[in-house]
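Biologist: Could you take me through the side-chain pairs and the helix packing of this model? Please keep to what was computed.

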Amino acid sequence: MKGLQPYSRIWLTGAGSGIGEALALQLAKAGHSVVITARSEASLQALARQSERFIAAAADVTDPQALSEVATLIQARLGGLDCVILNAGTCEYLNDGRVDSALVRRVMETNFMGLVHCIDVAQPLLANSHSARLVAISSAAAYAPLPRAEAYGASKAAVSYFMETLRLDLAQQGVAVTVVYPGFVKTPLTDRNDFPMPMRVTAEAMAAAIHQGLVKGKPEIRYPKLFVGLVRCLGRLPFFIRTRLGLKMVRQKDGASHG
Ligand SMILES: NC(=O)c1ccc[n+]([C@@H]2O[C@H](COP(=O)([O-])OP(=O)(O)OC[C@H]3O[C@@H](n4cnc5c(N)ncnc54)[C@H](OP(=O)(O)O)[C@@H]3O)[C@@H](O)[C@H]2O)c1
């Protein structure tokens with residue numbers, strides 16, 4: 001499958017801060033047209049002032065009607081899309097294994113159903129592209145059970161499964177799929193964490209890894225490689241060892257988990 005082509009038409013969700021904001025700036029600098037989406041109008045307008053290649057389209061990814069309006073805007077302004085980067089996301093942790101179904105629903109609605117709603121409205125816009133690509137930001141948390149990450153990890157595991165399956169079903173239509181697995185990245189999302197975040201990287205470094213991976217047409221992007229590789233190994237260890245290590249994390253950090 002082709003990598004990201006010059007002057008692509010890109011829709012990036014979650015562009016208001018963190019990884020999305022950094023990636024939006026790098027993509028615009030590289031000459032792409034970037035439709036930027038988040039709920040906050042103010043953050044989008046501030047970003048839009050930094051490049052004429054941005055088209056601001058505020059929307060909540062849990063609102064299919066608002067997303068249909070974004071799709072109409074994209075059709076009118078760009079005539080379609082070459083790449084959709086599904087980055088909008090949230091993170092909330094459970095406490096002491098107490099299952100709060102409202103919390104789980106919020107996380108699943110944004111991270112998983114939000115992604116599904118976006119793909120639903122974006123697919124017709126990709127139909128005429130010669131380099132169509134769907135990109136989802138999953139997480140290293142999708143690879144292994146981590147304390148307190150029941151909702152977040154499940155939402156990202158769902159994203160990964162969904163996208164990997166979609167890759168199979170869209171291959172004949174020439175639509176490529178990339179799944180991104182970040183480790184800890186310094187953003188407003190992780191700034192609220194009160195536990196150690198080993199090997200945390202900047203949003204700019206994470207965005208550069210995503211950008212380079214897309215140019216190369218990679219189906220999977222893991223960054224930082226060592227940390228994500230370790231979590232991936234953890235998830236593949238035999239049950240007994242994996243559980244022992246997981247329990248150690250609970251005891252050591254009194255409830256810390258992955259962001
Ligand atoms: N930071 C990390 O360590 C890390 C690690 C692994 C994976 N990730 C993933 O990377 C992605 C970006 O996270 P980040 O760390 O850059 O967080 P962030 O700085 O909080 O950015 C999240 C973005 O998503 C938007 N957003 C949240 N809920 C939304 C909704 N319902 N509808 C539309 N937009 C929404 C936010 O803007 P508004 O609030 O204005 O809507 C913001 O622009 C997320 O999917 C996250 O799970 C992050």
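This is a predicted model: local features need pLDDT of at least 70, side-chain atom pairs count only at pLDDT 80 or more; totals for chains, interfaces and linings use all residues.

Biologist: How many salt bridges does a search of the whole structure find?

Modeller: The search finds five, a salt bridge being a side-chain nitrogen of Lys or Arg within 4 Å of a carboxyl oxygen of Asp or Glu. One of them pairs R106 with E92, with the closest N and O atoms 2.7 Å apart.

Biologist: Which parts does that pair tie together?

Modeller: R106 lies in helix α4 (residues 101-126) and E92 in the loop between β4 (83-86) and α4, so the pair links parts that are 14 residues apart in sequence. Helices (H or I, at least four residues) and strands (E, at least two) are DSSP runs, numbered from the N terminus.

Biologist: Which partners does D191 have?

Modeller: D191 forms a salt bridge with K186, the closest N and O atoms being 2.8 Å apart, and another with R200, at 3.6 Å. Through shared partners, K186, D191 and R200 join into one network.

Biologist: Turning to α2, which of its residues are buried?

Modeller: In helix α2 (residues 41-48), L44, L47 and A48 are buried. Buried means under 20% relative accessible area, exposed over 50%, and partly exposed in between (1.4 Å probe, protein chains only).

Biologist: Why do they line one face?

Modeller: Seen down the axis of α2, the buried residues fall within an arc of 100 degrees, so they line one face of the helix; the arc is that of the directions from the helix axis to the C-beta atoms. Their cover includes α1 (18-29), β2 (33-37) and β3 (54-56), where contact means heavy atoms within 4.5 Å.

Biologist: And how do α1 and α7 cross?

Modeller: The axes of α1 and helix α7 (residues 203-215) come within 8 Å and cross at roughly 55 degrees. Axes are lines fitted to C-alpha atoms, for helices over the stretch in contact, and angles run from 0 to 180 degrees between N-to-C directions.

Biologist: Which residues make the contact?

Modeller: Among them are G18, I19 and A22 of α1, and A203, E204 and M206 of α7.

Note on methods
Residues are numbered from 1 along each chain as its sequence is written. Side-chain values use heavy atoms; hydrogens and water are left out.
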